[in-house]
Amino acid sequence: MSLKETIDADIKAAMLAKNKDELRALRGIKSLILLAETDKGANGEVSAEAEIKILQKAAKQRRESAEVYAAQGRNDLEKIELDELAVIERYLPKQLSEEEITAKLKEIIAQVGAKGPGDMGKVMGAATKAFAGTADNKVVSALVKSLLNQ
């Protein structure tokens, strides 16, 4: 079952349960998928990788909005963003821990033969592909910097 079909089924379940918060988040996800399907150059279908990118972008937007609302003391709006984020994260692949990321990065650094901070681009290129959807690139970048500076 594709993500779109899963979302449709979950929308029906949320409607039956009268869960307005979840329904709003699910409709937002479905809207993003439909927009991607109708983009120029799209053939009416969205690949699994593109779906993950869409969800990651939506999750990042919710996280950033929640931070802004928290800084402004708007706890009501922050809660809405965090609730939507929780729904979006259910559809994202499980995120790796820092220890798992560090272990994999050490392998990647050895593979590409990185010696120091000047090789950051090589490592990040390989790491971005290796961690697609399973790790936040900010975290990966910070860990790569610290590993290459050792």
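**Close-up views of a predicted model**

**View 1. Glu 107 in helix H5.** Glu 107 is placed in helix H5, helices here being DSSP runs of H or I with at least four residues, numbered from the N terminus. With a relative accessibility of 44%, Glu 107 counts as partly exposed, a class that lies between buried (under 20% relative accessible area) and exposed (over 50%), as computed with a 1.4 Å probe on protein chains only. The model is a predicted one, in which local features need pLDDT of at least 70 and side-chain atom pairs count only at pLDDT 80 or more, whereas totals for chains, interfaces and linings use all residues. Residues are numbered from 1 along each chain as its sequence is written, and side-chain values use heavy atoms, with hydrogens and water left out.

**View 2. The buried face of helix H6.** In helix H6 (residues 120–130), the buried residues are Met 120, Val 123, Met 124 and Ala 127. Seen down the axis of H6, these residues fall within an arc of 95 degrees, taken from the directions between the helix axis and the C-beta atoms, and therefore line one face of the helix. An α-helix has 3.6 residues a turn, so residues three or four places apart point the same way. Helix H5 (98–112) and H7 are among the elements that cover the buried residues of H6, contact meaning heavy atoms within 4.5 Å. On the face of H6 turned away from its buried side are the exposed residues Gly 121 and Lys 129.

**View 3. Two nonpolar cores.** The largest nonpolar core has 17 residues, of which Ile 7, Leu 26, Ile 29, Leu 55, Ile 88 and Tyr 91 touch the most other members; such a core is a set of buried Ala, Val, Leu, Ile, Met, Phe, Trp, Tyr and Cys residues joined through side-chain atoms within 4.5 Å. Two or more residues of this core come from each of helix H1 (3–16), helix H2 (20–37), H3 and helix H4 (75–89), and H2 gives the largest share, with five residues. Leaving aside residues up to four places away in sequence, Leu 55 touches Leu 3, Ile 29, Ile 88, Tyr 91 and Leu 92. A second, separate core of 16 residues includes Met 124, Ala 135, Leu 143 and Leu 148.

**View 4. Glu 84 in helix H4.** Glu 84, which is placed in helix H4, is buried, with a relative accessible area of 9%. Not counting residues up to four places away in sequence, Glu 84 touches Arg 24, Ala 25 and Arg 62.

**View 5. Lys 18 between H1 and H2.** Lys 18 lies in the loop between H1 and H2 and is exposed, with a relative accessible area of 70%. Although Lys 18 is not a glycine, it has a positive phi of about 55 degrees. Most residues other than glycine have a negative phi.

**View 6. Ser 2 before helix H1.** Ser 2 is found in the segment before H1 and, at 32% relative accessibility, counts as partly exposed. From C-alpha to C-alpha, Ser 2 and Glu 37 are 13 Å apart in space, while in sequence they are 35 residues apart.
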